[in-house]
Amino acid sequence: MFGREIIKGLIAEAKLDREVTVCGWVRSMRGNKVIKFIALNDGSCVSGIQIVADTEKFDEATLKRIQTGACLKVTGQLVASQGGNQSCEIQASAIEVLGDSDPNEYPLQKKGHSMEFLREKAHLRPRTNLFGCILRIRHNMAIAIHEYFHQHGFYYFHTPLITASDCEGAGQMFQVTTKNLYDLKKDENGSIIYDDDFFGKMTSLTVSGQLEGELGATALGQIYTFGPTFRAENSNTPRHLAEFWMIEPEVCFYDMEDLMALEEDFIKHCVRWALDNCREDLEFLNKLIDPTLIERLEGVLKESFEHLPYTKGIEILQEAMKNGKKFEFPCNWGDDLASEHERYLVEEYFKKPVIMTNYPKKIKSFYMKIDDKKPIFNGQEMEETVQGTDVLFPQIGEIIGGSVREESYEKLMNEIETRGIPMKDMWWYLDTRRFGSCPHAGFGLGFERLILFVTGMQNIRDVIPFPRTPKNAEF
């Protein structure tokens, strides 16, 4: 038996003057012919622990094997540290090298590395202090999400990754097939025949579990999904991934006010959890990545989110342009707002998170409930709007997208026909409106965007262990 103790627990308990055993990886080693100081980290915390090794106690062959990246098992006396950088250290009595590391080949030496370099070494970057922080926070955010929904009576509902329908209607999906791509059967019109495929029809990886989630909500009352989703969007921006995780609650008997209250309460819970449970990691990131990080997180908890109708938001943006504000993209009524517009509203105008509502119907999905009244903009009645709710955050822009769902079979059918959505793929979804339809609402939160905000990182590829992006599927 290894009988090891977790370094984080050792430091927290600080029960000194006793023999302990720890295992971990060498971050660095310094010293002289008499004494060696080994920085050992097992991934449980930023700081790790210092191992003090009297060279007279260990053979030269063992000491030579203690290199950056090597894996060690260390037994020794836990004592108060003589230096000022840590509270305790281990005076080693036994050191076993569990795994060697060649110092000439190990790429993560004790020096600064660029994010681009670390993405190329994604199989090793979790060993760095920076990515250790990010991954521990990612874990804690997952725990916070499950904790919140469990406490509030939601049921964790697993939706399929393989689907024959496209929730968003975008068509940018990864196809799933067992067909021989070099010998595809086609009909007289040149269309691929799927009768001999595994599922007997064209199938893809899901872009969202929402539609199936609605089925669960109309049986269990309130559910949430939490799983991977996929979009074949050829985008290389710092905000897009081809594979990412989504949290999607669906709740029956909710209107838009209920939905906005849930969105705000949920995301504040996640931020509060991070501040309460990831303080050491956040302080490290606050020092290394963003000196305003903790202040910004605490700011989210202090004020209520601003509720802003889309039409009012466009008025604010156009007024800002009249006063000299420059935007790269236009922002006329009917446009889908760019991240720069969203961040202006959050960071400069309101200086707090904003929930934007009542978007033009044409830029939102078919399932959103249509508002009873058309908005007035510059004295004119505009097109129909829907009960959509986008939560906009500083540094990020949109972090949550939600809506009240249309519960009327007739109205939903009209949207499906108007938008040309294939009925053969939607019959099961429509049954929820035929058999006991009810008012309901829900939202989707991109997990990685939440991690971006909580960590202060700037690129979404750096908050997921192994990013999947165009032309990149390594590891």
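Predicted model: local features only at pLDDT ≥ 70, side-chain atom pairs only at ≥ 80, totals over all residues.
Three strands form an open sheet in the order E7-E9-E8, and their pairing is antiparallel. Strands E7 (162-163) and E8 (175-176) lie at the edges, each pairing on one side only. Strand E9 spans residues 203-205 and is joined to E8 by two bridges. In one of these strands, E9, threonine 203 is the bridge partner of valine 176.

E10 and E11 run antiparallel and are joined by nine bridges. Here isoleucine 223 stands opposite glutamate 250 of E11. E11 also pairs with E18, again in the antiparallel sense, over five bridges. Cysteine 252 has histidine 440 of E18 as its bridge partner. Eight of the 10 residues of E11 are buried, so the strand is largely enclosed by the rest of the structure.

Helix H5 covers residues 210-220. Its buried residues are Gln210, Leu211, Glu212, Gly213, Glu214, Gly216 and Ala217. Glycine 221 follows H5, and its phi is positive, near 95°.

A second helix region was then considered. Two packed helices are described by the angle and the distance between their axes. The axes of H9 (residues 310-322) and H10 (residues 339-350) come within 11 Å and cross at roughly 80°. An angle of 65 to 115 degrees counts as roughly perpendicular, so H9 is roughly perpendicular to H10. On the H9 side, the contact involves Gly313, Ile316, Leu317 and Ala320. These meet His341, Tyr344, Leu345, Tyr349 and Phe350 in H10. Of the residues in this contact, seven are nonpolar, two are polar and none is charged.

Nonpolar cores complete the description. The largest nonpolar core holds 63 residues. Within this core, Met141, Leu282, Ile399 and Leu450 touch the most other members. Leucine 450 is in contact with Met141, Ile145, Ile267, Cys270, Ile399 and Leu445, leaving aside its neighbours within four places in sequence. A second core of 23 residues is separate, and its members include Leu10, Cys45, Leu72 and Val97.

Definitions and conventions:
Residues numbered from 1 in each chain as written. Heavy atoms only, no water. Pairing = 2+ DSSP bridges. Helix = DSSP H or I, 4+ residues; strand = E, 2+ residues; numbered from the N terminus. Buried < 20%, exposed > 50% of the residue type's maximum accessible area, 1.4 Å probe, protein only. Core = buried A, V, L, I, M, F, W, Y, C linked by side-chain atoms within 4.5 Å. Contact = heavy atoms within 4.5 Å. Axes fitted to C-alpha atoms, helices over the stretch in contact; angles between N-to-C directions. Parallel < 35°, antiparallel > 145°, perpendicular 65-115°, else oblique. Nonpolar A, V, L, I, M, F, W, Y, C, P; charged D, E, K, R; others polar.
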